[in-house]
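Dear colleague,

Here is the structure we spoke about, with the sequence. My notes follow below it.

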Amino acid sequence: TLCYHGSFPFSDWGKTWKSILTVDENTGVNDVVRDPRNPDVLYATTYQRRRHIWTLIDGGPGSGIHKSVDAGATWKKLENGLPKEDMGRIGLAIAPSKPDVVYAIVEAANKAGGFYRSTDQGGSWEKRSSYVAGSPQYYNELFVDPKLDTRVYSMDTWMQVTEDAGKTFHKVGEVFKHVDNHVLWIDPADTDHLIGGCDGGLYESYDRGATWAWFENLPLAQFYRLGLDDALPFYNVYGGTQDNNTVGGPKQTSTVHGIVNADWFITVGGDGFQTAVDPEDPNIVYSESQHGVLSRYDRRTGEAIDIQPQPGAGDPPLRWNWDAPLIISPHAHTRLYFAAQRVFRSDDRGNTWTPVSGDLTRQTDRNKLKVMGRVYSVDAVAKNA
């Protein structure tokens, strides 16, 4: 009954917990893998990071790889052959067919990161290549083929695979498949059979990624924001989703089949956020995607027009939040308010805009603000990414 969650094991089904691997207040544990031959042999990665609205520091001296041979009672930090620079997110995987082989994909400062392999249970490490995922804080997860210790899959925007233990990587292949990959199951009986989880849902392949089938009957979505309209006889619900457009659909229908996929429609692409609907004309829908891309969608015609405010001549560039605020005035249904570092107003449904405020930010240099107790230089791990 001994189970692990991060660095906290429990033996009484979660009633009590004891921390067995700690570094400091800025560092946690993100990967734990176990030797399949001996459950007392554990490898764990520690990960120092701080992410604020205004910056990211994705590493520090607290990051590293640790090993325990007594089920987590004691730990040894592994360092032989690993980067001497500050490290960030590290992904680990053991080769099931040859458990002496351990892989690590390492984010590190000053281009010291890359893909590392140990053939002696972590005693020493060799840098096989400089490959790391496109956004290590978002990916850096590895899966080794159960039958072939030199074949390793790396989760990335486009899923990557190496056939030579990390010397080279190439795309697995994602024709008609959504990108942004996070997890992979490899069938131990047939390693050509894969099931992948990504930002677009769940996909299955029987030819190692040459072709994929999408499980379209799984209603999966992550919603940032929801909105409603006043349509009759049934109002519509709008949702801005992570990476999968802004969609709208009816609260109910008058058919015996109920709500079906065909009742839903897309108003704008990208990551979806605020949706505001004209309270007097539910056919006029305002939707936005990341960084203030705002559009006006007409349900009658399917026409979508970009109405994002632009800086005036001589004005500084507009700085949009990932999820920018938008409202329709309760006093005039054609009046919109939309904000970057300035607030803008439109009285004609976004055809023209007038700034109604100055720069509302503090004009602080974010590179002079302390993170984790100190000011970091430009070469810190993933600074400001």
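The notes go from the whole chain to one strand in it.

Please keep in mind that this is a predicted model.

The whole chain

The protein chain has 32 strands and zero helices. Its C-alpha trace spans about 70 × 55 × 45 Å along the principal axes. There are 385 residues, and 45% of them count as buried. Of the contacts with a separation of 6 or more, 41% are between residues 24 or more positions apart.

The accessible surface comes to about 19800 Å², and carbon and sulfur atoms account for 52% of that.

Strand E7

Strand E7 covers residues 64-68. Five of its five residues are buried, meaning under 20% relative accessible area, so the strand is largely enclosed by the rest of the structure.

In a regular strand, side chains alternate between the two faces of the sheet. In E7 both faces are covered: Ile65 and Lys67 are buried on one side, and Gly64, His66 and Ser68 are buried on the other.

E7 has these pairings:

- With strand E4 (residues 42-48), E7 pairs in the antiparallel sense over five bridges. Here Tyr43 stands opposite Lys67 of E7.
- With strand E8 (residues 76-78), the pairing is also antiparallel and runs over three bridges. Leu78 in E8 is the bridge partner of Ile65.

Regards

Note on methods: Residues are numbered from 1 along each chain as its sequence is written. This is a predicted model: local features need pLDDT of at least 70, side-chain atom pairs count only at pLDDT 80 or more; totals for chains, interfaces and linings use all residues. Side-chain values use heavy atoms; hydrogens and water are left out. Helices (H or I, at least four residues) and strands (E, at least two) are DSSP runs, numbered from the N terminus. Buried means under 20% relative accessible area, exposed over 50%, partly exposed in between (1.4 Å probe, protein chains only). Contact means heavy atoms within 4.5 Å. Accessible areas come from the Shrake-Rupley method with a 1.4 Å probe; for residues, only the protein chains shown count as cover. Two strands pair if DSSP finds at least two bridges between them.
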